[in-house]
Amino acid sequence: MSSSSPSRTHSWASFDGEGSGAPSPAPMSSGGSGGSSSSLVSSDASLTPFIKDRVIDGKAVAKTIQGEIASEVSRLKDRYGRVPGLAVVIVGARKDSQTYVRMKKKACADVGIASFEKCLPDTVSQEELLKFVRDFNSDKSVHGILVQLPLPKHIDESAVLAEISIEKDVDGFHPLNIGRLCMKGREPLFIPCTPFGCMQLLERNNIKIKGANAVVVGRSNIVGLPAAMLLLKRDASVTIVHSATQDMASIVRRADIVIAAAGKTELIKKEWLKPGCVVIDVGTNGVEDKTKKTGYRLVGDVDFAGAKQVAAAVTPVPGGVGPMTIAMLLQNTLEGGKRDIEGTGSSSSSSSQPGWKKRAISLARTVAAAAVGAWLAGGRGK
Ligand SMILES: NC(=O)C1=CN([C@@H]2O[C@H](COP(=O)(O)OP(=O)(O)OC[C@H]3O[C@@H](n4cnc5c(N)ncnc54)[C@H](OP(=O)(O)O)[C@@H]3O)[C@@H](O)[C@H]2O)C=CC1
Ligand SMILES: Nc1nc(=O)c2c([nH]1)NC[C@@H]1CN(c3ccc(C(=O)N[C@@H](CCC(=O)O)C(=O)O)cc3)C=[N+]21
């Protein structure tokens, strides 16, 4: 995890064993096999500040993080007279996309981050869209660029995401950022917001990740895959399940931590869950509800009422991962802003070199690599 993440470190030893004076495991109301004797969740309420009655309050965690971001932004403003800026590009008129973009804009205003918006019709050509991305790439007041997904079918999503400057890729979707996220000993410049938010929900409640069996349901580039990589980097043993997985129930049943990101309403049943596990529900599915003004309500990928009876902790939908996604987008934009405004460099390595020096070294490395490549291509390397 990036050293710049707002998480705190914590010693896990006390939750584990018998005879350690450790708090007792979370109550297990559903009998059954496969349960371990220790809990990942402390019963010391001071260590689980955002868990009440086994429900993880994502809104409260997000609010805390946004408070931290607001004070950092005001520090930057006082000291340098500059604030971080986020640009959002939205194509077409999807209602859900418009809602998310509106929420992001309001969240930026709340913490003092400048926001810029480009709304394009769904007839926009790929070249035009790329031009707007390039314009934001070279705009000094923009430190983060988010192109709202999904994009219309005629646009090559990968090409657009790869065009975003890696230094402004606050979604963390650029192939270089994803590549670094997956590599041992490397860190991305930005961690994808939703998985980053899931990790914060665990970390800020001191939930033990190291050594846990984690199951991620879903393998998308934006949620499932990066969530699995982050859990792996935190020393969980990770299994990813997807639409071709056989007997998913028995795999989920072994999980101490479940991250559900399939986009299927209440796919995960109470009986699939190991007693005392922790469930992070990313799914955001609209189901018809005539009692609502909008005509629908949001439901997760997990049977929430059932999970609440079995799990030690579970996130609700809404009010769980969703608000965290937005908080982490602000966090990433702040990080991007700080690298530029304070000159803390374009690499997330822990080196203390100033930004300009890191950039110079990085450029020198690129030039050297290109020279060696040309030399080898010329047959002289044989
Ligand atoms: N709260 C938030 O902030 C966010 C919420 N979301 C929500 O999270 C969910 C997932 O989003 P996203 O990753 O973009 O979705 P995708 O549709 O891109 O990916 C879904 C993944 O789930 C797998 N899957 C689908 N059906 C099943 C099944 N029956 N059993 C097991 N695996 C299955 C798919 O498998 P395969 O690869 O084999 O097709 C795929 O890997 C959605 O509900 C989305 O709305 C997304 C982003 C942010
Ligand atoms: N480039 C890009 N980056 C994204 O991060 C991205 C995207 N495209 N496309 C769509 C998905 C989805 N997404 C959500 C963000 C916030 C909530 C959220 O805050 N949800 C609230 C409820 C919102 C409501 O009431 O509608 C909650 O769960 O409590 C949900 C989903 C980001 N995504």
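The end C-alpha atoms of residues 192–338 lie 18 Å apart, and this span is 35% helix and 19% strand. Helices here are DSSP runs of H or I with at least four residues, strands are runs of E with at least two, and both are numbered from the N terminus. UniProt, in an unreviewed entry, gives residues 192–338 as "domain: Tetrahydrofolate dehydrogenase/cyclohydrolase NAD(P)-binding". UniProt positions follow the numbering used here, feature names are shortened, and annotations may be inferred rather than shown by experiment.

This is a predicted model, in which local features need pLDDT of at least 70, side-chain atom pairs count only at pLDDT 80 or more, and totals for chains, interfaces and linings use all residues. Residues are numbered from 1 along each chain as its sequence is written, while chains are lettered from A and ligands numbered from 1 in the order in which they are written.

The other domain on my list is "domain: Tetrahydrofolate dehydrogenase/cyclohydrolase catalytic", which an unreviewed UniProt entry puts at residues 56–171. Residues 56–171 are 51% helix and 16% strand, with 24 Å between the end C-alpha atoms.

Now the ligands. Around ligand 1 there are 26 residues, with Gly218, Ser220, Ser243, Gly263 and Thr325 the closest. A residue counts as near if its C-beta atom, placed from the backbone, lies within 6 Å of the molecule. The largest share of this shell, 3 residues, comes from α10.

Ligand 2 has 19 residues around it, and Tyr100, Leu149, Pro318, Gly322 and Thr325 come nearest. Elements giving two or more residues to that shell are α2 (95–111), β5 (144–147), α6 (193–203) and α10 (321–341). Which element gives the most to the shell around ligand 2? That is α10, with 4 residues.
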